[in-house]
Amino acid sequence: MMKRRTLLAASSAALAAPALPARAQGKTKITFWYGLGGALGEEVVRVCRNFNAAQNEAEIEPVFKGSYVETLTSSIAAWRAGQAPHMVQMFEVGTGSMLAAGPAMKQTWQLSQETGVKIDPSVYIPGVRGYYSLPDGRLASMPFNSSTAMMWINKDAFQRAGLDPAKPPTTWQGVVEAARAIKARNAAPIPMTTAWPTWVHFEQYGAMHNLPFATKGNGFDGLDTELRINAPAYAKHLQRLLDMGKEGLFRWGGRDNAAEPLFVSGEAAIQFTSSAGRAAIARDAKFNWAMAMLPTDPEVNPNPINSVIGGASIWTMTAPNRTMAEYRAVANFFAYISQPAVDAEWHQRTGYVPVTTAAYELSKTQGFYEKTPGTDLPILQLSRGQLSENSRGFRLGRMVELRNIIQEEMERALQGQQTAQAALDSAVQRGNRVLREFERTARG
Amino acid sequence: MERRTIFSGWALPAALVLPQLLLTFFFFLWPAGQALFYSLQRQDAFGIRTEFVGLENFSELFADPLYVETIWRTIIFCALVAFISMALALLLAVFADREIRGRGVYRTLLIWPYAIAPAVAAVLWLLLVHPQIGLISGMLNAMGIAWDYKLNSAQAFTVVVLVSAWKQVSYNFIFFLAGLQSIPKSVMEAARMDGAKGWRQFRTIVFPLLAPTTFFLIVVNMVYAAFDTFGTIEALTRGGPGKATETLVVKVYRDGIVNLDLGSSSAQSVVLMLGVIALTAVQFRYLGRRRDS
Amino acid sequence: MKRGTDWVAHAVLCLGVALFALPLWLVFAASTQESGAIARGNVSLIPDPAGLGVYAQVLTEGAPGAGPVWRMMLLSFAMALGITIGKIIISVLSAYAVAFFRFPFRMVAFWTIFITLMLPVEVRIIPTYAVMAGFGLINSFTGLVLPLIASATATLLFRQVFLSIPDELVEAARMDGAGPWRFLRDILLPVSAANIAALFVILFVYGWNQYLWPLLVATDPKLDTIVIGIVKMIGTETATEWNRVMATALLALLPPVAVVLLMQRWFVKGLTEGDK
């Protein structure tokens, strides 16, 4: 009994203490809900602390809110109750839904205009900026953690297969050949696998080959958009994956990032995943590896352009009684993280790409890319060629569900239940239904 | 079973139930009522634009052949999970109820898994059955079984059923053990005198006496399988491959939380809720009839 | 003959025990190994004694993304205890009222609550949050505990228990001239002690394992429970410290397991007696 009482007392004491944080008088308190776990979450907190230390007007409280999906749910519940946080980190595929939220969000251009804090869209890398901008170039949200999809190769397996590990394949035809060589020499149990199947093989594939993913400029120009991924070029690529699967060259590793352990464990010789996976691979892979640009298909487009980003941006949320001082604090934070030094430090510590051109230049002059060769490849891939209507990003509602539908249809095709074309036709049909439903709710 | 009330007055009982009623009203009834109302609406995620659409959310659901498939899949899933976890638990409970050495230890070792958090269970099984890196998969592959539940619907379904059932075994074990212990020794003695032993004794004496426990557990397990297996399925297969392991609650989550289609997910919840209520009602009626006869 | 069936019993029970113990052993073994071994999937079944330091490490420092584990364990403990005790008190009181007083609409009330419990948490979240915010309970310890205290099942269970108390006992108490409070304190509570203990176990485990509510309601990192802590340690695009995650998961298991084991005897007994 005694013991329980002391435990209770101790726990209530522990609770009471942090309930009264040392609140600096006169500082504007703003909250920032983020969705990054592990070491990256600590980096988010670090950036906020640095901001708090760098000025005296405002204090940011960063709060972890689970995955991006859980963060979004929390934000919606909070906004409905008039308790929204000042800022919320939201993944790139949520952009369409956030834009449809109208009065719940204060878009970055609006924030800049009202507070007078200058936030110039032109400082951001075009591939990053495009995703989070309105069609006329005004920023809707604040670019934050950004990455892109890359190809990763097991150099040891390449060696064993008699391939040159210094020259990873740059075309899909080359990938198929390399996979055949790996299988023929038994250089790795799995020649090729992929994480983020939809992101890599449809979103990135479409952007780089300058193919529309959906009509209306991938949804930028209107809610009445329809999927276009059953076009012959996409069907050709899915057919290639199916053929590779049948030949034993490609192994489906699961949805989203479920396939990542296959590469780290050394089983898969080639994989595709986010450039942000670098830190994990560097720590855990017990073999020589390299990151390379995503392969393209010259038969579809001999002059591939930029890939699109993944990651998240920061949205400013509204609430009743929110003061101009609070908005100004948010705007100041945005301006702060856009400073080349801050952005470059974020980029170098996290493995995300810099969001501003100046931070990229700064990292170059600091010799970062000599110290860690290859870390500039994602930036080069993101800024290749001329940004087009097809490569600036996606503005589709319920994008997570669209990704899921595509993954489901891929899985059914890979099990031999349907052809590539049938899978994509079905995905388009089901996806369009989701888009129409979203259009109706967003129009009201 | 009603008891004659023994105390009079209304102020005291009202004061006694008030906290419960207030909490229930504010944290269950009121929000649940709103959620039910959502099923008749079309609204965007932030609740900025709402429109009353009557039963449209329901008619859209049943017009979708994929949804109807999911209903059937869920029924099969729940039945299998309930059956497997209860059968296993009953088997263990019957043996743990015997007069054997170390039964106290066995009981303890079978009861503690009750405390395993769903989140922990999912991480754990992910380690064990992952197609390429899992321990169990390694053994299956060594035995010549091409194990790849990420791309084999039957294997995926098997995995989610087994893992979901696993989580519920110790709960059922506790109730079956309690049920077995409440069977009077004299009854068992009498049965033994009559020559009923082993399987026959179990079938003719023990199992009928366990009927109330069994019926209670059927309801609890069906509810568990219908609602609380979401975390397991999400962690292991996310409903895939294709839709092979998508149950109704996975779809509720997908549409309500990921997809933010509150109207449709509320409508789906109503369907799910009616299903479970119907099931419970059938159980109670069946149970009542058995008792009467 | 007898020995033969005993062997069968031992074999079956051992297999049953292994079914639960082995996965946990694997988690334990994994927690002592290098994080990369877990990410690569080649976890050895033999723990590495050198890696045991991870337990001290997570307890005092935590892991990237989350604070020290002891702190989150303490909070989870307080939350689980708060939910458990609150629920038991409230349920006992209302069951008492329903069982021993004349009270209109009692069955209607029960069925309504029973039905609403069948509504998945996912669809109730947004409206419930609004209610919480209306009471100003967001981001407070009270907010963590209070909404989880209402319980139809616990009330039903106690009502069941109270109704099974022999009429003679009730009659005797009345003859003694015991008032409602004395009756509750001197007769009902002692008689249903085993049931309370059983419910304590069930509710403690329930409270300890909560995830979605605490995540939604608490925005102060100081209000992180251990289950949230585990999730915080797992990143998607980062090098997760898997050994620390495993160690934390195992530590998170200890308090509820301890409660189950300590109260095991009453647990099984309490369930039996309610079933009369």
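**Figure 1. Arg398(A) is found in the loop between helix H18 (377-382) and helix H19 (399-414) of chain A.** Helices (H or I, at least four residues) and strands (E, at least two) are DSSP runs, numbered from the N terminus. The structure is a predicted model, in which local features need pLDDT of at least 70 and side-chain atom pairs count only at pLDDT 80 or more, whereas totals for chains, interfaces and linings use all residues. Residues are numbered from 1 along each chain as its sequence is written, and chains are lettered from A and ligands numbered from 1 in the order in which they are written. Arg398(A) has a phi near 50°, which is a positive value in a residue other than glycine. Because it has 25 C-beta neighbours inside 10 Å, Arg398(A) counts as buried; a residue is buried with 20 or more other C-beta atoms within 10 Å of its own, exposed with 12 or fewer and partly exposed in between, the C-beta atoms being placed from the backbone.

**Figure 2. Val308(A) lies in the loop between strand S9 (289-292) and strand S10 (309-317) of chain A.** Val308(A) counts as buried because 27 C-beta neighbours lie inside 10 Å. Leaving aside residues up to four places away in sequence, Val308(A) touches Gly127(A), Tyr131(A), Thr148(A), Glu203(A), Gln204(A), Ala207(A), Ser391(A) and Gly393(A), where contact requires that the C-beta atoms of two residues, placed from the backbone, lie within 7 Å. Met208(A) is 100 residues away from Val308(A) in sequence, while the two C-alpha atoms are 8.0 Å apart in space. In chain A as a whole, residues 24 or more positions apart account for 75% of the contacts with a separation of 6 or more, and buried residues make up 56% of its 444 residues.

**Figure 3. Helix H2 (38-54) of chain A is among the elements that give two or more residues to the side of chain A that touches chain C.** The end C-alpha atoms of H2(A) are 25 Å apart, which agrees with the 24 Å that its 17 residues should span at 1.5 Å a residue, the expected span being 1.5 Å times one less than the number of residues. Gly38(A), Leu40(A), Val44(A), Cys48(A) and Phe51(A) are among the buried residues of H2(A). What covers the buried residues includes strand S1 (28-34), S2, helix H14 (324-337) and helix H15 (340-350) of chain A, together with H13 of chain C. Across the whole interface, 39 residues of chain A are in contact with 34 residues of chain C.

**Figure 4. Chain B meets chain C with 71 residues in contact with 63 residues of chain C.** The largest share of the chain B side, 17 residues, comes from H1(B). The residues on this side divide into 55 nonpolar, 14 polar and 2 charged. Among the other helices that supply at least two residues here is H10 of chain B. Helix H10 (residues 211-228) of chain B has 18 residues and reaches 24 Å from its first C-alpha to its last, close to the 26 Å expected; its buried residues include Leu217(B), Met222(B), Tyr224(B) and Phe227(B).

**Figure 5. In chain B, a cis peptide bond joins Gly240(B) and Pro241(B), with omega at about -5°.** Pro241(B) lies in the loop between helix H11 (230-236) and H12 of chain B.

**Figure 6. Helix H13 (residues 226-233) and helix H14 (residues 242-262) of chain C have axes that come within 10 Å and cross at roughly 170°.** The axes are lines fitted to C-alpha atoms, for helices over the stretch in contact, and angles run from 0 to 180 degrees between N-to-C directions. H13(C) and H14(C) are therefore roughly antiparallel, given that angles over 145 degrees count as roughly antiparallel, under 35 as roughly parallel, 65 to 115 as roughly perpendicular and the rest as oblique. Residues making the contact include Ile226(C), Ile230(C) and Met233(C) of H13(C) and Arg244(C), Val245(C) and Ala249(C) of H14(C).

**Figure 7. Asn139(C) is found in the loop between helix H6 (121-134) and helix H7 (141-145) of chain C.** Its phi is near 65°, a positive value in a residue other than glycine, and Asn139(C) counts as partly exposed because it has 19 C-beta neighbours inside 10 Å. Elsewhere in chain C, helix H4 (residues 69-100) is mostly covered, with 29 of its 32 residues buried.

Note on methods. Nonpolar A, V, L, I, M, F, W, Y, C, P; charged D, E, K, R; others polar.
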